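Hi,

Here is the structure I promised to pass on.

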Amino acid sequence: MRYAVIGTGAVGGYYGGRLANAGHDVHFLLHSDYDYIKQNGLQVDSCNGSFHLDSPNIYRSTADMPKADVVIVALKTTRNQLLKELLPPLLHSETLVLLIQNGIGPEPELQQWFPNLYIAAGLAFICSAKTEPGRVNHQCYGNINIGNYSCKNTEIIDCLMSDFMQSGINAALVEYHEARWKKAVWNMPFNGMTVVMNAQTDKLLAQPDTLSLIRRQMLEVIGAAQALGVKNIDATFADKMIENTIKMVPYSPSMKLDYEYHRPMEIDFLYTNAIKAAHSVGYAMPCLEMLEAQLRFIDSHNCSSEQ
């Protein structure tokens, strides 16, 4: 299958790079570091084995890219409006768009714009960062859950899963809503708390008070998911996520990096959509509603005037 990657950053650069390194046909859309990668290639420093792509297929515009069987979208959700123009040149009648994005609700929004599009959710459990041109720093984990949202041709999903596994990416097929809400169990507490407390994950879990608050927030997400009818999620999943995070290297999630670089934070998809969905079935998330309000205040005073 032919792959296109929109958003060649910490996540898109890692998963797309893994596919390309394994010999798959991958085409990358680049922005700020196009010239650097054109000259120097793409370096992925990974705990699972580092590699270098000497001459990846790179482009400045999707208009110059070939049509793809799978488009991996790893943009921040704050930039999703760009997909209205970026996607059409890449699509044929059965192209699958895999949204490797945070939060609740990006698939329904994209489906409104492209009613016949095949869409799946990619929920990445990964510690990865890109803080300089042409270099991805993959620190730990890297599993990805795939949730089929609207793909009628399941053979495409099967091929995607096979290509991921063959490329050294541990992928699992999970029911769509379960996949989205399980990722939210980690994302909603840690993304916001690392910003508000100005601390990495290890510091938050080292203090009993913040550890207790993190777990309470996780249980709010799980309660909301259960109220919305999501299966296979309970308090034991919160304990598993905390245990896994304690084992991680000290980590700054994507929202913490956005805050530090004065970029807009993904508050709508990470917080607002989930809180609204919970309210629609009569479930309140008081700790996370307070966190959302704090983040909106910080975001309003933090974004650079250029954004």
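In α12, the buried residues are Cys287, Leu288, Leu291, Glu292, Leu295, Asp299 and Asn302. Looking down the axis of α12, you'll see these buried residues fall within an arc of 130 degrees, so they line one face of the helix. The elements covering them include α6, α8, α10 (254-260) and α11 (267-280). Over on the other side of α12, the exposed residues are Pro286, Met290, Phe297, Ser300 and His301. As for its dimensions, α12 runs over residues 286-302, 17 residues in total, and spans 24 Å from first C-alpha to last, close to the 24 Å expected at 1.5 Å a residue. One thing to keep in mind throughout: this is a predicted model.

Helix α9 can be read in a similar way. Which of its residues are buried? They are Phe237, Ala238, Met241, Ile242 and Thr245. Because they cover an arc of only 140 degrees around the axis, they end up on the same side of α9. Their packing partners are β8 (118-132), α6 (176-196), α7 (201-206) and α8 (208-227). Thr236, Ile246 and Lys247 are exposed, on the face of α9 turned away from its buried side. The helix itself covers residues 235-247, which is 13 residues, and reaches 19 Å between its first and last C-alpha, close to the 18 Å expected at 1.5 Å a residue.

Now the rings. Searching the whole structure turns up four aromatic pairs. One of these is Tyr14 with Tyr15, an edge-to-face arrangement at 5.1 Å centre to centre and with 75 degrees between the planes. Tyr14 counts as buried because its relative accessibility is 1%, and Tyr15 is buried too, at 0%.

Next, the backbone. Most residues other than glycine have a negative phi. Tyr141 has a positive one, near 55 degrees, and is not a glycine. Tyr141 sits in strand β9 (residues 135-148) and counts as partly exposed, at 33% relative accessibility. Asn232 is another non-glycine residue with a positive phi, about 60 degrees. Where is Asn232? You'll find Asn232 in the loop between α8 and α9, and with 60% relative accessibility it counts as exposed.

Last, the cysteines. How many disulfides are there? The count comes to zero. Cys47 is in no disulfide, since the cut-off is 2.5 Å between cysteine sulfur atoms and the nearest cysteine sulfur, that of Cys140, is 6.1 Å away. Cys47 is partly exposed, with a relative accessible area of 43%. Cys151 is in no disulfide either: its nearest cysteine sulfur belongs to Cys159 and is 10 Å away. Cys151 is buried, with a relative accessible area of 6%.

Cheers

Key
Residues are numbered from 1 along each chain as its sequence is written. This is a predicted model: local features need pLDDT of at least 70, side-chain atom pairs count only at pLDDT 80 or more; totals for chains, interfaces and linings use all residues. Side-chain values use heavy atoms; hydrogens and water are left out. Helices (H or I, at least four residues) and strands (E, at least two) are DSSP runs, numbered from the N terminus. The expected span of a helix is 1.5 Å times one less than its number of residues. Buried means under 20% relative accessible area, exposed over 50%, partly exposed in between (1.4 Å probe, protein chains only). The arc is that of the directions from the helix axis to the C-beta atoms. Contact means heavy atoms within 4.5 Å. Rings of Phe, Tyr and Trp (its six-membered ring) pair if their centres lie within 6.5 Å; planes under 30 degrees apart count as stacked, over 60 as edge-to-face and the rest as tilted.
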